[in-house]
Amino acid sequence: MADQPFWKRKTLAQMTTDEWESLCDGCAKCCLQKLEDEDSGEVFYTRVVCQYLSDSCRCTVYQERQQKVPNCVWLKPEDVDQFFWLPSTCAYRLVAEGEDLPEWHPLRAHDSQRIHAVDASVLHLDPVRDNEVPEEDWEDYIIDNV
């Protein structure tokens, strides 16, 4: 058991802060603006990204993200039952569901850029920033697959 990587032998709640943070693969899919159907509760992803997302798929205001973007999602282990909206490739969701990380994940590939090479990040979506598109137009940017 000890020879297994931490994400296979620990629950999300058991992980250290560093382990938790290292699960983020840098896809930035959680930084895509989402729209929810008020009737069905269905969540639709758009290719509209947060204005603070860098061209390398990292938050430029990570430590102050809650202050700068009050509706920014802050993933926490105690909210694991609400991770259903996360993309199916998200490491937090995968670990919560007892699955392994994809081969391109930085913890497995030992390469933080591999995710972009396999088009698993938002870079291949031709993202637009949320401060460049009025919110009432976000429906025009809905995408089918994340």
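Both Trp 20 and Tyr 92 are buried, a label that stands for under 20% relative accessible area, with exposed meaning over 50% and partly exposed in between, for a 1.4 Å probe and protein chains only. The model is a predicted one, in which local features need pLDDT of at least 70 and side-chain atom pairs count only at pLDDT 80 or more, whereas totals for chains, interfaces and linings use all residues. Residues are numbered from 1 along each chain as its sequence is written, and side-chain values rest on heavy atoms, with hydrogens and water left out.

Aromatic pairs were taken as rings of Phe, Tyr and Trp (its six-membered ring) whose centres lie within 6.5 Å, with planes under 30 degrees apart called stacked, over 60 edge-to-face and the rest tilted. By this rule there are 2 aromatic pairs. In one of them, the rings of Phe 6 and Trp 7 have centres 5.4 Å apart and planes at 85°, so this pair is edge-to-face. Phe 6 is buried at a relative accessible area of 13%, and Trp 7 likewise counts as buried, at 10% relative accessibility. The rings of Trp 20 and Tyr 92 have their centres 4.5 Å apart and their planes at 45°, so that pair is tilted. Because Trp 20 belongs to helix α2 (residues 17–22) and Tyr 92 to helix α4 (residues 91–96), the pair ties together parts that are 72 residues apart in sequence. Helices (H or I, at least four residues) and strands (E, at least two) are DSSP runs, numbered from the N terminus.

A further ring, that of Trp 74, has charged groups over it. The charged end of Arg 65 sits over this ring, 5.0 Å from its centre, and the charged end of Lys 76 also sits over the ring of Trp 74, at 5.9 Å from the centre; the criterion is that NZ of Lys or CZ of Arg is within 6 Å of the ring centre and within 35 degrees of the ring normal.

In soluble globular proteins, nonpolar side chains tend to be buried together. A nonpolar core is here a set of buried Ala, Val, Leu, Ile, Met, Phe, Trp, Tyr and Cys residues joined through side-chain atoms within 4.5 Å. The largest such core holds 24 residues, of which Leu 12, Leu 23, Tyr 92 and Val 122 touch the most other members. At least two residues of this core come from each of α1 (6–9), β2 (43–49) and α4, and α4 gives the most, with 3 residues. A second, separate core of 5 residues includes Val 48, Val 128, Val 133 and Trp 138.

Contact means heavy atoms within 4.5 Å. When neighbours within four places in sequence are left aside, the contacts of Val 122 include Cys 27, Leu 32, Val 49, Cys 57 and Pro 127. Pro 127 itself lies in the loop between α6 (114–117) and β3 and is partly exposed, with a relative accessible area of 29%. Not counting residues up to four places away in sequence, Pro 127 touches Arg 47, Val 49 and Val 122.

Salt bridges, defined by a side-chain nitrogen of Lys or Arg within 4 Å of a carboxyl oxygen of Asp or Glu, number 6 in the model. Asp 55 pairs with Arg 129 in one of them, the closest N and O atoms being 3.0 Å apart. The side chains of Asp 100 and Arg 108 meet at 3.7 Å, N to O, with Asp 100 partly exposed at 29% and Arg 108 partly exposed at 34%. Salt bridges with shared partners join Lys 8, Asp 100 and Arg 108 into one network.

Taken as a whole, the protein chain has 6 helices and 3 strands, in the order α-α-β-β-α-α-α-α-β from the N terminus on. Of its 146 residues, 36% count as buried, and along the principal axes its C-alpha trace spans about 50 × 35 × 30 Å.
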